Amino acid sequence: MYPQLLTYLMELIKYQDQVIRTLLTLLIGKGMFEKPEETPVNKPYRKLQVDDLPIIETLQKLDYKVLLAEYLEKNRKELKPVQRRNGKANVPKSINCPRCGAPSDYLYANNGGKGQFQCKVCSCLFNDKSRYSKEAILKCPHCSKTLEKVKERKDFDVFKCKNNDCPYYQKKLNGMSSKEKSQFKKDPQAFKLRYIFRQFRIDFQPLSKSSPKKPKVDLARLYVSPHTLGLILTYHVNYGLSARKTAALMKDVHGVSISHQSILNYENAVALILKPYVDYYPYELSDQFCGDETYIRVNGRWHYLFFFFDAVKKIILSYPVSPNRDTATAIRAIDDVLMKFKEIPEDLSFVVDGNPIYLLAQHFFAQHGFHFDITQVIGLTNEDPVSKEHRPLKQVIERLNRTFKGNYRSTHGFGSEEGSVSFVTLFVAYFNFLRPHAALEGKVPVLNPELLQLPNMPARWSKLIGLAQDWIIEQQSA
Ligand SMILES: [Zn+2]
Ligand SMILES: [Zn+2]
């Protein structure tokens, strides 16, 4: 009797499960019998508290040529470069003194391979990794005391204000509940009471991108007509059809046999030609910019695509792809925006999500003398006034994300980093130069009469490629 009942109950549960799935399928409009599609894990970013910028005091720079001349005058003989006898460590040619600029010939390698050097001209002691600290002093913005370096991490050094009378420290200390205070006594590491600054040592010079280079591709060697290429781009990029579907469509509708791999190859070539044009085009910009990250799949792994764009003109200004959602990529993304200005506006400001990497990027640029504001908007449903004020911007970002995902979905991820960059480049070219935008009264963000007077999209794609090719030749001869 009991085993029979059990079997009966199992059958009933199975039946109910079927009913529930059927109802859900009807309700959601999506098959609930299939396995759920793998979706990116929305990994929470590291929540770290980023303090205000420190006071950065640039030290007066000395000039080794002046110092050498003074030495000669005072001692009536020249100061000779460092003699390096056998066994003495050499100093790499690329290193010079951060204080006076003396070349490597005047530097002692102080402790072998550890990267400590001393300058013979000005006697400055320095470590090549932290040479910046010899060019500037960092002071606490709350008490003006010099910050102390307390930790060295892979990409940055941590500086701390150790002043016990610092108002920042006092305020945090007094703000603790008695429970927190007793916890603090047991585990002081668990609390952040002191002012902290992270100084990045990323090997990146802001605004150092060189002028655009002519890509090494020759479209004349592709075995398709410009019109066919325009059709392919229209189907694949504008309409988001997969490369395979595009190939099938070309065969079934247009009678053109072309493999999906050839389609991807052609698109790589076109992306190389369009990229300098898209990146260096003299866009007319507004004063509202926002940025966001979205996911794309590269080689079976989720990558981050960083978008920064002009929220009013609807122009995408930067689009780096990275396996990591890190400060280095945030810096690259913002740098691509800064590159677009002839002069960086004084009241420049970016609206981004709550990820602290943008604040760290802001600090990085400030260290190099580039200043802008960062406004962080956390979530759409947030009720604080900042969020409400910036809600339209956030909606613009999400609409852009949706548009990109709509076009990207069918491509089923990218087989390589190169392929993903190509597709994103083509998407940005389409978005900035070809796609009519409802918020712009149906106009394209960059209005170019040469493109717009053409009767159809394939013709506009080939014209855009032509414009990009002419433009790069102009740049080279200018
Ligand atoms: Zn020196
Ligand atoms: Zn302080």
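Which residues in α6 meet which residues in α14? The legends below take up this packing among other close-up views.

**Conventions.** This is a predicted model, in which local features need pLDDT of at least 70 and side-chain atom pairs count only at pLDDT 80 or more, whereas totals for chains, interfaces and linings use all residues. Residues are numbered from 1 along each chain as its sequence is written, chains are lettered from A and ligands numbered from 1 in the order in which they are written, and side-chain values use heavy atoms, with hydrogens and water left out.

**View 1. The protein chain as a whole, with its 14 helices and 14 strands.** Helices (H or I, at least four residues) and strands (E, at least two) are DSSP runs, numbered from the N terminus. Of the 478 residues in the protein chain, 43% are buried, where buried means under 20% relative accessible area, exposed over 50%, and partly exposed in between (1.4 Å probe, protein chains only). Contact means heavy atoms within 4.5 Å, and among contacts between residues at least 6 apart in sequence, 61% join residues at least 24 apart.

**View 2. Helix α6 (residues 226-238) packed against helix α14 (residues 457-477).** The residues P226, H227, L229, G230, L231, L233, T234, V237 and N238 of α6 meet M457, P458, W461, S462 and I465 of α14. The two helix axes are 7 Å apart, at an angle of about 105 degrees; axes are lines fitted to C-alpha atoms, for helices over the stretch in contact, and angles run from 0 to 180 degrees between N-to-C directions. Helices α6 and α14 are therefore roughly perpendicular to each other, given that angles under 35 degrees count as roughly parallel, over 145 as roughly antiparallel, 65 to 115 as roughly perpendicular and the rest as oblique.

**View 3. Helix α6 crossing helix α8 (residues 260-280).** Here the axes come within 11 Å and cross at roughly 95 degrees, and α6 and α8 are therefore roughly perpendicular to each other. The contacts bring L229, I232, L233, H236 and V237 of α6 together with I263, L264, Y266, E267 and V270 of α8.

View 4. With a relative accessibility of 0%, T246 counts as buried. Residues up to four places away in sequence not being counted, T246 touches I232, Y235, H236, L241 and I263. The C-alpha atoms of T246 and I263 are separated by 8.2 Å, and the two residues lie 17 residues apart along the chain.

**View 5. The site of the zinc ion (ligand 1), coordinated by C97 (SG), C100 (SG), C119 (SG) and C122 (SG).** The coordinating distances are 2.3 to 2.4 Å; donors are N, O and S atoms within 2.8 Å of the metal (3.2 Å for Na, K and Ca), and because water is not among the atoms, sites may look incomplete. The angles among the 4 donor atoms are 106 to 113 degrees and the site is tetrahedral, a term used for four donors if all angles lie between 85 and 135 degrees. Along the chain, the donors follow the spacing C-x2-C-x18-C-x2-C. C97 lies in the loop between α2 (64-75) and β2 (107-109) and C122 in the loop between β3 (116-119) and β4 (125-127), so the pair ties together parts that are 25 residues apart in sequence. C97 is buried, with a relative accessible area of 1%, and C122, at 16% relative accessibility, counts as buried. The loop between β3 and β4 also holds S123, which has a positive phi of about 60 degrees although it is not a glycine.

**View 6. The site of the zinc ion (ligand 2), coordinated by C140 (SG), C143 (SG), C161 (SG) and C166 (SG).** The coordinating distances are 2.2 to 2.4 Å, and the 4 donor atoms subtend angles of 97 to 116 degrees, which makes the arrangement tetrahedral. The donor residues are spaced C-x2-C-x17-C-x4-C in sequence. C140 lies in the loop between β5 (136-139) and β6 (148-152) and C166 in the loop between β7 (156-160) and α4 (167-174), so the pair ties together parts that are 26 residues apart in sequence. Both C140 and C166 are buried.

**View 7. D292 in strand β9 (residues 289-298).** D292 is buried, with a relative accessible area of 9%. Apart from neighbours within four places in sequence, D292 is in contact with L305, F306, F307, D353, Y358, I397 and N401.

Note on methods:
Tetrahedral: all angles 85-135°; square planar, octahedral: opposite > 155°, others 65-115°.
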